[in-house]
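Dear colleague,

I am passing on the structure we talked about, with the sequence alongside. Please have both open while you read the notes below.

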Amino acid sequence: MIRLPFGKPIVSNNEFNSVLNVLKSGKYVHGKKTEEFEKLFKKFTNSKYAITLSSCTAGMHLFYFACNISRGDEVIVPAQTHVATAHAVELVGAKPVFVDCELDTGNIDIKQIEKKITKRTKAIAVVHFLGVPVNMIEIRKIAKKYKLLILEDCALALGSNIRGKHSGLFGDSGVFSFYPVKHITTAEGGMLVTNNKTIAEKIKSKKAFGVDKNYNQRNFPGKYDVKELGLNYRMSEIHGCIGVEQMKKLKKFLKLRKRNFSFLYNRLKKLKNIKILKNKNKHFVSGNYCMCLILGKKYAKKRTKIIRELNDNGIGTSIYYPKPVPLMTYYKKKYNYKTNQFKNASIISEHSIALPVGPHLNLKNLNYIQNKIKKIIKD
């Protein structure tokens, strides 16, 4: 039977050979491959600084840590996101203050943000949900008014931009993920981009224990000082060399994602009682991470059955996300949130099905997917 996974990393002999060369070199950290990866990423996003990290979550944690956000502070966080967005705030002792999402995009409801800002608010965390950019022009107005920092969670937003400017560059920093099913992969890893020199220097220091000189900067082996508190959030050369090869394929990957999304959209957009989350308008371009179907009342209670039938027919699916973050047990218990507090986020969580549009799929695969969906819905 045909098997079409939701996501699949696309690697070739170039990645295999690059990894083997690193292994043979004996230099697994502090090498040239992570630096090359940073340069390629910086060029693609047109950012002043790009810093490799062990994960996207590490980047968010480091940002708050470097900006001295701590216990007693608050950060505005969207309710509809991966739990890592909120965990990064919790890890520095601050409090995530959740805001519901827009029903059309899944992005944070900008109209509700100011209602949640207090004297303790220090930053706004913005998530470009499924790669669809948030209206960062309005976010920046709010941040400027209240003198707040902005962190962009771009885990699913590589290749997305607003008015020609890449996501992640409207705030003080943007952080990307290279988990296996993302736009590109390093097996595991992340990247922080910023145009702020001070933040970049702090992140570079704090991601490597807070030492004043990295391995390549030392005049004498083993001689350095530690001038601030830091962590070990570095990316290895093995992960970095995979990233270098993946960057060479990124434009092709994005082109295929755009084609695949358009193909499915044009064939599913007329389905009754099903809505497809918006992925574009005249101001922004999405990175087309996936296609998100929102089931109407007629089908919502049958979502589990629909997903199982799709999976039984070899079609991989996902859900973004199983619950709004504030309704997950840890946050619900800690902050006493009620089930009905985040209505739009709950609708997307409970009524949605994410379909694959990755470059591992060809038009024959996509035609199979749309035919099976129509048949399952009809039945």
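Predicted model: local features only at pLDDT ≥ 70, side-chain atom pairs only at ≥ 80, totals over all residues.

Residues are numbered from 1 along each chain as its sequence is written, and side-chain values use heavy atoms, with hydrogens and water left out.

Salt bridges

Side chains of opposite charge can pair when their charged atoms come close. The structure holds 13 salt bridges, a salt bridge being a side-chain nitrogen of Lys or Arg within 4 Å of a carboxyl oxygen of Asp or Glu. One of them joins the side chains of aspartate 104 and lysine 278, with an N to O distance of 3.9 Å. This pair connects distant parts of the chain, 174 residues apart, with aspartate 104 in the loop between strand 3 (95-99) and helix 5, and lysine 278 in the loop between strand 10 and strand 11 (284-285); helices (H or I, at least four residues) and strands (E, at least two) are DSSP runs, numbered from the N terminus. Aspartate 104 is partly exposed, at 36% relative accessible area, and lysine 278 is also partly exposed, at 48%, where buried means under 20% relative accessible area, exposed over 50%, and partly exposed in between (1.4 Å probe, protein chains only). Asp104 and Lys278 also belong, with Lys275, to a network of salt bridges.

A further salt bridge is formed by glutamate 114 and lysine 145, whose closest N and O atoms are 3.0 Å apart. Here too distant parts of the chain are linked, since glutamate 114 lies in helix 5 and lysine 145 in helix 6 (residues 136-146), 31 residues apart. Glutamate 114 is partly exposed at 34% relative accessibility, whereas lysine 145 is exposed at 56%. In the salt bridge between lysine 248 and glutamate 245, the closest N and O atoms are 3.3 Å apart; lysine 248 is exposed, with a relative accessible area of 56%, but glutamate 245 is buried, at 9%.

Surface patches

Patches are made of residues with over 30% relative accessible area and no salt bridge, like charges being joined within 9 Å and nonpolar side chains (Val, Leu, Ile, Met, Phe, Trp, Tyr) within 5 Å. For charge, Lys and Arg count as positive and Asp and Glu as negative, while His and the chain ends are not counted, and the place of a charge is taken as NZ of Lys, CZ of Arg, CG of Asp or CD of Glu. A patch of positive charge on the surface is made up of Lys272, Lys298, Lys302 and Lys305. Lysine 272 sits in the loop between helix 9 (250-268) and strand 10 (274-276), and counts as exposed because its relative accessibility is 68%.

A nonpolar patch on the surface consists of Leu20, Leu23, Tyr28 and Val29, which together have about 320 Å² of accessible area (Shrake-Rupley method with a 1.4 Å probe; for residues, only the protein chains shown count as cover). Tyrosine 28 is in the loop between helix 1 (13-25) and helix 2 (32-45), and is partly exposed at 36% relative accessibility.

Single contacts

Glutamate 74, in strand 2 (residues 74-78), is buried, with a relative accessible area of 6%. Its side chain is joined to that of threonine 118 by a polar contact of 2.9 Å, a polar contact being a pair of N or O atoms within 3.5 Å, where within protein one must be able to donate a hydrogen and the other to accept it, and residues adjacent in sequence count only if both atoms are side-chain atoms. Threonine 317 lies in the loop between helix 11 (303-312) and helix 12 (329-335), is buried at 18% relative accessibility, and makes a side-chain polar contact of 3.3 Å with asparagine 311.

Backbone

The peptide bond from tyrosine 320 to tyrosine 321 is cis, with omega near 0°, and tyrosine 321 is in the loop between helix 11 and helix 12. Histidine 30, in the loop between helix 1 and helix 2, has a positive phi near 60° although it is a residue other than glycine.
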